[in-house]
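Take a walk through this model with the coordinates open beside the text.

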Amino acid sequence: MKLLLRVVLVLVLLLGSFAGYLALAPSAVDPVAWEPPPVPKMEGPLAPNQRLAAATLIAAGKIDGPEDVETDAQGRLYGGTNDGAVVRVVGDALEVVANTGGRPLGLDFAPSGALIVADAKKGLLSIGPEGQVTTLVDAATGVDGVKLGFTDDVAVASDGAIYFSDASDKFGFGDHMLDLLEGRPHGRLIKFDPQTGKATVLARDLSFANGVALSKDESFVAVNETYRFRVTRHWLKGPKAGTTEVMADGLPGFPDGISQSGRGTFWVAMFTVRNAAGDFLAPRPLLAKMVANLPRALWPKPAPYGLAIEIDEDGKIVQSLHDPSGAVVEQVTSVHERDGALYIGHLHRDRITRVGL
């Protein structure tokens, strides 16, 4: 019994010392307390189903991390990969359109036919018809004297104006979990005018500014705030022009990409459902700092769940598509609607998935 007590005492001392180290050691984050909204019930239009589990796989095993998926005028699929390539799917093969030398994420075609790329490492880029890469906004130069830390998604208006997000000007690609643990808003929504070459910040202090999409009439631009479980919009026209407001709040997961359906609604890609560990840490900055000091292998992991939701322009959920097991579709980062089907991108998977509507 005495030996057991000694062992327990030693373990308590060791654990206490380790906890003290985690709490007092220098950290990459400076967490702030915040209170997450209640987790919505999975019922009504959010009721679980198997619609994503019936997805068809495209380029399976051939494409590495197509975070965003886009189609050109001919209906051909495009995606960016982990090695910096922007590829086009042609039948069962892939064609390399260009290589940015960074990490291409968001994609959208300009009226000119150029493919506009939000590259997490390089900034805002344009790819011409011959594959030539032009830098529109350099990540290192940034906007208003602040670098682009994590250029994430892009939407191009009919007049050629480009709207894009800088998810975090503090934590770069690969360090998104640090942004979550810190809980401070480091994201921006930015407009680039190709006529003047000028970039203007439209909205600041966004919590991991992720997906970007224009409304059907282009009166506002929507941007996902991943770590606040909401969609925010910035008005471009009308009596509210120049103002920013919350459009949809208390979402059932972490919104990643967002896209205009063409029917006056938006598709919101959910990277995963809400995480109990993350919600627990949010109002407890000391614990968040301790977790940040742990080896990354011990950090909270996203649940393997496939989810995409459709919302209207009032932020109301219209319908949802699920793969509760995550066996076929998980970690959805983009949803692109074309000709009665959804094409789904995945940051960490080796395929594009297609679901008929």
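The paragraphs below cover cavities, then strand pairing, then salt bridges.

This is a predicted model, in which local features need pLDDT of at least 70, side-chain atom pairs count only at pLDDT 80 or more, and totals for chains, interfaces and linings use all residues. Residues are numbered from 1 along each chain as its sequence is written, and side-chain values use heavy atoms, with hydrogens and water left out.

Begin with the cavities. A cavity is a set of points, on a 1 Å grid over the protein atoms alone, where a 1.4 Å probe fits but cannot get out; lining residues have an atom within 4 Å of a point. Grid points are joined across faces, edges and corners, and a volume is the space filled by probe spheres set on the points. By this rule there are two cavities of 30 Å³ or more.

The largest cavity has a volume of about 40 Å³. Its lining consists of E67, D68, G106, D152, D153, N210, G211, D256, G257, T333 and S334. Which strands each supply at least two residues of that lining? They are strand 10 (151–156), strand 14 (209–214), strand 18 (253–260) and strand 22 (332–338). Strands here are DSSP runs of E with at least two residues, and helices are runs of H or I with at least four; both are numbered from the N terminus. By residue class, the lining of the largest cavity has no nonpolar, six polar and five charged residues. In this scheme Ala, Val, Leu, Ile, Met, Phe, Trp, Tyr, Cys and Pro count as nonpolar, Asp, Glu, Lys and Arg as charged, and the others, Gly among them, as polar.

The second largest cavity has a volume of about 30 Å³. W34, D179, L180, G183, R184, S207, F208, Y227 and R228 line this second cavity. Four of its lining residues are nonpolar, two are polar and three are charged.

Now turn to the strands. Two strands pair if DSSP finds at least two bridges between them. G123 has D138 in strand 9 as its bridge partner.

The loop between strand 8 and strand 9 holds E130. E130 is exposed, with a relative accessible area of 72%. Buried means under 20% relative accessible area, exposed over 50%, and partly exposed in between (1.4 Å probe, protein chains only). The C-alpha atoms of E130 and V97 are separated by 8.0 Å, although the two residues are 33 residues apart along the chain.

Further along the chain, look at strand 24. Strand 1 (residues 56–58) pairs with strand 24 in the antiparallel sense over three bridges, and I58 stands opposite I352 there. Strand 23 also runs antiparallel to strand 24, joined by four bridges. In this pair, I344 stands opposite T353. A hairpin of five residues joins strand 23 to strand 24.

Side chains of opposite charge can pair when their charged atoms come close. A salt bridge is counted when a side-chain nitrogen of Lys or Arg lies within 4 Å of a carboxyl oxygen of Asp or Glu. The structure holds 16 of them.

K170 pairs with E182, the closest N and O atoms being 2.9 Å apart. This pair links distant parts of the chain: K170 sits in the loop between strand 11 (162–166) and helix 2 (176–182), E182 in helix 2, 12 residues apart. K170 is partly exposed at 37% relative accessible area, whereas E182 is buried at 0%.

E337 forms a salt bridge with R263 at 2.8 Å between the closest N and O atoms. E337 lies in strand 22 and R263 in the loop between strand 18 and strand 19 (265–273), so the pair ties together parts that are 74 residues apart in sequence. E337 is buried at 16%, and R263 is partly exposed at 44%.

R349 bonds to E330 in a further salt bridge, the closest N and O atoms being 3.0 Å apart. Both R349 and E330 are buried. Finally, R233, K240 and E245 are linked in a network of salt bridges.

Key:
1 Å grid on protein atoms, 1.4 Å probe; cavity = no way out; pocket = protein on both sides within 12 Å on 5 of 7 lines; lining within 4 Å.
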